Amino acid sequence: MCGIISVIDRKKNPMDGSAIREALSIMNERGNGEGSGYAVYGAFPEFADYYAIHVFYDNLIEPKTAVEEELEKLGMVKHEEEIPTFEQPNLKKRHIPWRYFFKPNVMALGTTASEEDILVYLMKKVNTTIPGALIYSTGKNIAIFKAAGWPEEVADFYRIQDYEGYIWLSHNRYPTNTAGWWGGAHPFNLLDWTVVHNGEITSYGTNKRYLEGHGYVCTMHTDTEVVAYLTDLLQRQHNLPAELAFKALAPPFWDEIDRMPEKERILYSALRMTYGPAMMNGPFAIVVANSEGIAGITDRIKLRPLVAAEAGDRLYLSSEEAAIRVMEPAPERVWMPRAGEPVIGRII
Amino acid sequence: MPIGSVPPKYKVTIDNDLCMLCERCIENCSYGAFRREGNKILINSRACTGCHRCVAMCPRDAIDLEEKPVDYRSHPIWSREAREAIYKQAESGKIILTGMGNTLEVPPIFDRLLLDACQVTNPSIDPLREPIELRTYIGKKPRKLEIKKNAQGDIDLVTKLAPNLKCETPIMIAHMSYGAISLNAQLSLARGASEMGTFMGTGEGGLHKSLYPYQNNMIVQIASGRFGVNIDYLERGAAIEIKIGQGAKPGIGGHLPGEKVDEEVSKTRMIPLYSDAISPAPHHDIYSIEDLSQLVRSLKEATEWKKPVFVKIAAVHNVVAIAAGIARSSADAVVIDGFRGGTGSAPRVFRDHVGIPIEAAIAAVDEKLNKQGIRNEISIIASGGIRDSADVTKAIALGADSVYIGTAALVSLGCRVCGSCYRGLCPWGIATQREELTSRIDPDIMYKNVSNLINGWTLEIAELMGAAGINSIESLRGNRDRLRGYMLDENILSVLDVKTVGAGA
Amino acid sequence: MTKKTLTIDAKGKHYTPLNIEIRAAVKDGVKEIILDNINGQRFIANGLRGDDVTIIINGVPGGDLAMFMSGPTCIVHANAEHAPGNTMDSGKIFIHGTAGDAVAHSMRGGEVYVRDSIGYRGGIHMKAYKEKYPALVVGGGTRAFLGEYMAGGILLVLGRGTDTIPVDERGIGTGIHGGELFIRGEVPDHLLGIGAAKKPFTEDDREKIRPYIENYCREFDVDEPELFSDDYVHIGPSSARPFAGKYCW
């Protein structure tokens, strides 16, 4: 189970977090109070060019010192602060969330690397070697708010109504494997990509090993992580256009491919053959965002719900129409995307 | 050296109340175990090989067969086999030959691996009603796709894919040469495989012309003896396989005795009539990994890069390093044959004591290639003792793209695994060239046994996958999380990268 | 006698207290219950009995509307979400909009009318029993796996207002072993599911589906005579035991 809702304002008009808090909460039947989260793009206009690294600290002594040492080696911290939180009666503050606005030094690893490579390296290093510290977001101008609690509790814990942005993602979790660990809540982020996911990826073992062979490390003990990394690999590293990259994750069936006209048949056969281990199996409804837009996709046999709606410049994607109507009582258009077909909303 | 005779391996008896003296047992047994005398059938049990031909043909179920009828004093170390091997060698001073696969009593790892099924957190998928995709492409894949957008904004594919074999099921028929088995057996296997949309290996005996109608489903083998290998042969195959080694006898070559090289075998292998067919241990033009790479490329040049080229190796201790090397040559697939692989004939000590299990080999190779980020660029085919669809499914979950079945395919033709193949008297008409025996297989009827087998297993694999919530075989491959080990020790679990039963996610 | 009516403002109300109010009203003899400001409440009218009770739902109800319901009528003036009519025993549902996946899942009796299109697995495992005969009528089109495992009843797709043929995805009637589907428009053979076969569409069939089309037109105020005169593709089981041949022992 799980509930998701997300929105993009294509003209980048800012929205604050109050509406999405309400919308996510009406799907509380889909969660169990063990994890919720929100992500917003455009949250830090003052530091828009810096990578907003979010860290969960178990304490502010050894882990913090160790992380800051790494940051120093790899670049420059423009500003850092504890992420403001406000006590909630039922939400136990298990970790201390911190954020750093960081500029990487591309020569820091000895040879020329891209800025993204430095961030990926940093995240891997901290999450696998520094106990008590977990980097859970590494995007520019992106804020992630998550914890083990109900949507309203988590929203109030971080006061998401104080933040504004043009893309919001949110997720209400019903975890079975890693209940209670903040790192396991969605959204998941890697660089510019943020993911919320409803479902369970039965191909996780296959996807994870494929990704590990391409330099990614899965540290979040949850299958959703692979979606962010697969998206990063296919779109950023392999330069596949978004529609095709999503199609690799939920490709057409062979019998459909066999019936396609020659050019398409060759393309989709090549796509499946080359990206077989990236294909995701099992029930899923996923929304992925980056600074250019959001995309929603379900598994090929539609085992999870997804509803889309449009109102003016805004595109909504959610597990339920009713959740969308909390934010947008009278959308111009509401529809159910086809199984395995991505719905993409880009900024204009 | 008179040590007397060793007890017969079997005791055959006929219930005379049931026997109707139809004499089918006499007619069918090629080892001379039966003869008629007056109103009785008399039996020479010592000649019996346990092949069950008589049992299968008796219309009254009148024949009883008992294995090991004479007890030895039991002993935990000095088994019957150990003692009898010494008697044989004391008599002969030679290497003891045997047939079929490993008979040591070490438990198969497959039997200690259990598969997962979905419940509650994930629905299982019903293969009878919703699509389950078992189609498998064997061959080289690119690391990534190059795409460009054309003037209309449509997507154009720039990358050209190398030729791949399209298999509708992940089960293929292993290489068993014409010479080791009969032509009628090969024809049955070839037609059965073709009808199921999969492929069969020719083995190292060349491709007989009666198999030409099936050539689009044949994988032609080039082994160290280069039998029957010319450009025509290479061009006819859908793919080419270089045989470096075989699981049943790693490190040694093969020997088909001259008496099995009759006219058709001679023509197909392109060697003189009744001459021995010797396959040397190494290819004498491959003494290192770069030599192998040269052979792969030479084959591709000869066939204009139109055919996938596979390399078959036996599972030995450094199988991972060899496979990684093969993956970096231009080869399209690596075939790994585990220590339980079958054979028409091999020295017993090799068959039982050399090589490693396919489960460990596949898991280790898959992991290594994954870590190097190249796993998807080459296909891995597993073989060696695959007995049923559960073995196939587990082999794929451990990392194989597909499997070759050898012994199982012969069993579908009637083989009872009596292990006497090297005698050339197989009464089932499979491991023999004698016309009166090979005529017992009518390929136009027996091909159905093969296609039935493949079909039955394919349906079962679809059910197993559906139960695990997976509807495409790509998502099963190498997915160790769907396996659990039961009564396997930590070390082997670590090699397999499989958790123990009861462990969490 | 005037019908006893009750209006409930459901804004922000959780489904449990809402259902309690509905039950109390029915017990009290109310015949028409109007629910205003519904948005996402699940399980409305679940297990509710009452043969002449009508519930009017203004807003998008959440999943499992009228699940296990036995008798009442629900009229929804919005889209519905997941599985309305789930395992329903008798009664009627009218949806003035679309509905989501698994509509009428396992329904045994009663009728569900959807004005527009529905999602995946519509009518999955519908089954009839003695006098109970379930019906699902879809005004627009449907997605894949329509009538999966159907064991009884009738599934009618009118194909109004769709850009493509009414059902353009795979698995139509996959696993059907009882009951029948009628689809107005082209049905490509390769989209038929396992065990489904096309049957002739006779005048008797036309008469059989007529009352359902009439109910649809009346409720949704539709005047399209072609719904009655056009031909429908009739789909039923290819045999009573289409899967017997898969097993041996």
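A: Buried area is the accessible area, taken with a 1.4 Å probe, that two parts lose on being put together, summed over both. The model is a predicted one.

By this definition, chain A and chain C bury about 1800 Å² between them, with 41% of it on carbon and sulfur atoms. On the chain A side, the greatest losses of area to chain C fall on Glu29(A), Met336(A) and Arg338(A), which together account for 35% of what that side buries. The contact draws 22 residues from chain A and 22 residues from chain C.

Charged pairs are present in this interface: six salt bridges are counted between chain A and chain C. One of them joins Glu320(A) to Arg42(C), whose closest N and O atoms are 2.6 Å apart. The interface of chain A and chain C also holds 16 residue pairs in polar contact, both residues being at pLDDT 80 or more. On the side of chain A that touches chain C, the elements giving two or more residues are helix 8 (254-258) and helix 10 (321-327) of chain A. Helix 10 of chain A provides the largest share of that side, four residues. By class, this side of chain A comprises eleven nonpolar, one polar and ten charged residues.

The other interface of chain A is with chain B. Here about 3600 Å² is buried between chain B and chain A, 54% of it on carbon and sulfur atoms. Glu133(B), Leu145(B) and Glu474(B) supply 16% of the area that chain B buries against chain A, more than any other three residues. This contact takes 44 residues from chain B and 38 residues from chain A.

Seven salt bridges are found across the interface of chain B and chain A. Among the salt bridges is that of Lys263(A) with Asp156(B), the closest N and O atoms being 2.7 Å apart. Strand 8 (147-149), strand 9 (155-157) and helix 10 (358-371) of chain B are the elements that give two or more residues to the side of chain B that touches chain A. Strand 9 of chain B gives the most to this side, with three residues. The side of chain B that touches chain A divides into 15 nonpolar, 14 polar and 15 charged residues.

Key:
Residues are numbered from 1 along each chain as its sequence is written. Chains are lettered from A and ligands numbered from 1 in the order in which they are written. This is a predicted model: local features need pLDDT of at least 70, side-chain atom pairs count only at pLDDT 80 or more; totals for chains, interfaces and linings use all residues. Side-chain values use heavy atoms; hydrogens and water are left out. Contact means heavy atoms within 4.5 Å. A salt bridge is a side-chain nitrogen of Lys or Arg within 4 Å of a carboxyl oxygen of Asp or Glu. A polar contact is a pair of N or O atoms within 3.5 Å; within protein, one must be able to donate a hydrogen and the other to accept it, and residues adjacent in sequence count only if both atoms are side-chain atoms. Ala, Val, Leu, Ile, Met, Phe, Trp, Tyr, Cys and Pro count as nonpolar, Asp, Glu, Lys and Arg as charged, and the others, Gly among them, as polar.
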